[in-house]
Amino acid sequence: MQIKISPMSKNDLLQIKDILNDKFDNFWNYNILYKELENINSTYLVAKSDNEIWGFGGIWKSTDDIHLTNIVTRIDKRNLGIATLILTHLIKISKNEHFSSLTLEVNEKNINAIKLYEKFNFKKLGKRKNYYSQNENAIIMTLFF
């Protein structure tokens, strides 16, 4: 299994358009992701194996930091290190942009994601109450460079 990380294209987005909610259980839809690809302050990457998209993730550049918007792995391809690969590349991009930090929100119930971010030395800095649907809280985590 060889996984290649590359910038997300509109063709990549079209490839996963009809399976976003079924295969990725992502709360972002095609229209939101399409707008993100047109946003000059956004960078999105895809993880592919044999030209099939197994995951994707993105960041937003703001005035003083970079915000990790999401990392999503296909449900049937989880626990293969795909999110780790995507996050590694997004951190590298963030450092190359000369920002001082990378911040994200993660559902406090998403223990696997929290462990991934902690492995990369993200620190828990706060909480956003009722951030997600069903009144679920988000933990704010930041990686300082």
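**A pocket, a helix and a strand**

The largest pocket has a volume of about 1100 Å³. This is a predicted model. Among the 35 residues that line the pocket, I71, V72, N110, A113 and Y117 are the closest to its centre. Several elements give two or more residues to the lining: β4 (66–73), α4 (82–96), β5 (101–107), α5 (111–119) and β6 (123–132). Of these, β4 gives the most, with seven residues. What is the lining made of? It divides into 17 nonpolar, 13 polar and five charged residues.

Now turn to helix α3, residues 30–38. Its buried residues are Y30, L33 and E36. Seen down the axis of α3, these fall within an arc of 120 degrees, so they line one face of the helix. An α-helix has 3.6 residues a turn, so residues three or four places apart point the same way. What covers the buried residues of α3? The cover includes α1 (10–16), α2 (20–23), β2 (42–49) and β3 (52–61). The N-terminal end of α3 has a cap, N29. A side-chain oxygen of N29 lies 3.0 Å from the backbone nitrogen of N31.

Last, look at T142, in strand β7 (residues 136–144). Is T142 buried or exposed? Buried means under 20% relative accessible area. T142 has 4% relative accessibility, so it counts as buried. Its side chain makes a polar contact with the side chain of T103, at 3.1 Å. Leaving aside neighbours within four places in sequence, T142 is in contact with S101, L102, T103, N121, F122, K123 and L125.

Technical notes:
Residues are numbered from 1 along each chain as its sequence is written. This is a predicted model: local features need pLDDT of at least 70, side-chain atom pairs count only at pLDDT 80 or more; totals for chains, interfaces and linings use all residues. Side-chain values use heavy atoms; hydrogens and water are left out. Buried means under 20% relative accessible area, exposed over 50%, partly exposed in between (1.4 Å probe, protein chains only). Helices (H or I, at least four residues) and strands (E, at least two) are DSSP runs, numbered from the N terminus. The arc is that of the directions from the helix axis to the C-beta atoms. Contact means heavy atoms within 4.5 Å. A polar contact is a pair of N or O atoms within 3.5 Å; within protein, one must be able to donate a hydrogen and the other to accept it, and residues adjacent in sequence count only if both atoms are side-chain atoms. On a 1 Å grid over the protein atoms alone, a cavity is a set of points where a 1.4 Å probe fits but cannot get out, and a pocket is an open set with protein on both sides within 12 Å along at least five of seven lines; lining residues have an atom within 4 Å of a point. Grid points are joined across faces, edges and corners, and a volume is the space filled by probe spheres set on the points. Ala, Val, Leu, Ile, Met, Phe, Trp, Tyr, Cys and Pro count as nonpolar, Asp, Glu, Lys and Arg as charged, and the others, Gly among them, as polar.
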